[in-house]
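Have a look at the model first.

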Amino acid sequence: MQNKSSQRLSRLLEYICDVLLLCAAVSTVTLYWTIPAVTHHYPATDGRFEKYMVVMTVSGLTALYLLWQTRGVMRHVKCGAPFVLDTVRRLRAGGVASLLLAAFYLTTIFWVTKLYMLIVMVVFLVIGLLLLVLAQMIQQAITFKEENDMTI
């Protein structure tokens with residue numbers, strides 16, 4: 001049984017995840033207008049707008065997907081049952097999505113030559129690997145729990 005402080009923390013984290021999900025959705029939908037405001041590159045002028053649009057759209061959609069998976073994991077944590085196969089599936093899906101985004105950023109280094117592309121690529125590479133390791137750890141915990149339940 002969870003105590004009140006862990007229930008409050010779970011609710012707070014789920015709320016933060018919902019807010020981030022909303023912010024990511026709004027940011028992704030409004031890219032056409034926010035990119036010129038931030039970069040001073042406009043559609044059909046020098047081609048940079050289109051490059052930024054592609055990179056930011058892929059990043060935004062991946063962020064939405066990762067936050068959606070995180071929200072699903074938080075639901076299991078809030079219910080007090082984090083060690084289920086759905087958690088493993090969601091963590092693996094998030095890890096694969098992070099690795100795919102890292103690969104995407106690796107390819108964008110050649111046509112959007114900015115140092116932050118390399119930094120973001122490394123960050124998502126590490127996040128993807130950590131999520132895959134965490135998924136494997138939870139998979140093993142589920143196996144140990146099932147074995148323990150059968151011996152009792």
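## Helix 3 against helix 4

Helix 3 and helix 4 pack with their axes 9 Å apart, at an angle of about 165°. Axes here are lines fitted to C-alpha atoms over the stretch in contact, with angles running from 0 to 180 degrees between N-to-C directions. That angle makes helix 3 roughly antiparallel to helix 4 (the label goes to angles over 145 degrees; under 35 is roughly parallel, 65 to 115 roughly perpendicular and the rest oblique). Helices are DSSP runs of H or I, at least four residues, numbered from the N terminus.

Helix 3 passes helix 4 in a left-handed crossing, meaning the near helix is turned anticlockwise from the far one by less than a right angle. The contact of helix 3 with helix 4 has 12 nonpolar, nine polar and three charged residues. For these classes, Ala, Val, Leu, Ile, Met, Phe, Trp, Tyr, Cys and Pro are nonpolar, Asp, Glu, Lys and Arg are charged, and the others, Gly among them, are polar.

This is a predicted model, so local features need pLDDT of at least 70 and side-chain atom pairs 80 or more, while totals for chains, interfaces and linings use all residues. Residues are numbered from 1 along each chain as its sequence is written, and side-chain values use heavy atoms, with hydrogens and water left out.

## Helix 4 against helix 5

Next along, helix 4 (residues 85-108) and helix 5 (residues 115-151) have axes that come within 7 Å and cross at roughly 160°. Helix 4 is therefore roughly antiparallel to helix 5. By class, their contact has 22 nonpolar, eight polar and one charged residues. Helix 4 passes helix 5 in a left-handed crossing, too.

## The largest pocket

The largest pocket holds about 150 Å³ of space. A pocket is an open set of points on a 1 Å grid where a 1.4 Å probe fits, with protein on both sides within 12 Å along at least five of seven lines; lining residues have an atom within 4 Å of a point.

Helix 1 (4-29), helix 2 (31-39) and helix 3 (48-79) each supply at least two lining residues, with helix 3 giving the most, four. The lining includes Thr-28, Leu-31 and Met-56. It has four nonpolar, five polar and no charged residues.

## Salt bridges

How many salt bridges does the whole structure have? There are four, each a side-chain nitrogen of Lys or Arg within 4 Å of a carboxyl oxygen of Asp or Glu.

Glu-14 and Lys-78 form a salt bridge at 2.9 Å, N to O. This pair links distant parts of the chain, with Glu-14 in helix 1 and Lys-78 in helix 3, 64 residues apart.

Methods
Grid points are joined across faces, edges and corners, and a volume is the space filled by probe spheres set on the points.
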